[in-house]
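This report takes up one pair of side chains and then turns to the chain as a whole. The structure comes first.

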Amino acid sequence: LQAQAPTRRCRLSLLHNGRVLISAPGPRLSYPLKEPGTYRLEAALQPAVGRPRPWIYANPFYVG
């Protein structure tokens, strides 16, 4: 799986069956999908001060 956001000030997270599998700062995320199940990608904006704010929630996709 490869994902790219349009800004560097974000944090990308990949969820597998509802749990965070990997989370990384920056505009790109790459991860090999090895297990079947439900995956979802989320992005949160990183403000200069304060906590990350939810931004993008992708629809789930299923790997068999």
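The side chains of Arg-40 and Glu-42 are joined by a salt bridge, with 2.8 Å from N to O; the term stands for a side-chain nitrogen of Lys or Arg within 4 Å of a carboxyl oxygen of Asp or Glu. By this rule the count comes to one salt bridge. Arg-40 counts as partly exposed because its relative accessibility is 26%, where buried means under 20% relative accessible area, exposed over 50%, and partly exposed in between (1.4 Å probe, protein chains only).

The model is a predicted one, in which local features need pLDDT of at least 70 and side-chain atom pairs count only at pLDDT 80 or more, while totals for chains, interfaces and linings use all residues. Residues are numbered from 1 along each chain as its sequence is written, and side-chain values use heavy atoms, with hydrogens and water left out.

The protein chain holds seven strands and zero helices, these being DSSP runs (strands E, at least two residues; helices H or I, at least four) numbered from the N terminus. The chain is as compact as a globular protein of 64 residues, because its radius of gyration of 12 Å is close to the 11 Å of the globule rule, which is 2.2 Å times the number of residues to the power 0.38, with the radius taken over C-alpha atoms.

Further values for the whole chain are tabulated below.

| Property of the protein chain | Value |
|---|---|
| Box filled by C-alpha atoms, along the principal axes | roughly 40 × 20 × 15 Å |
| Buried residues | 27% of the 64 residues |
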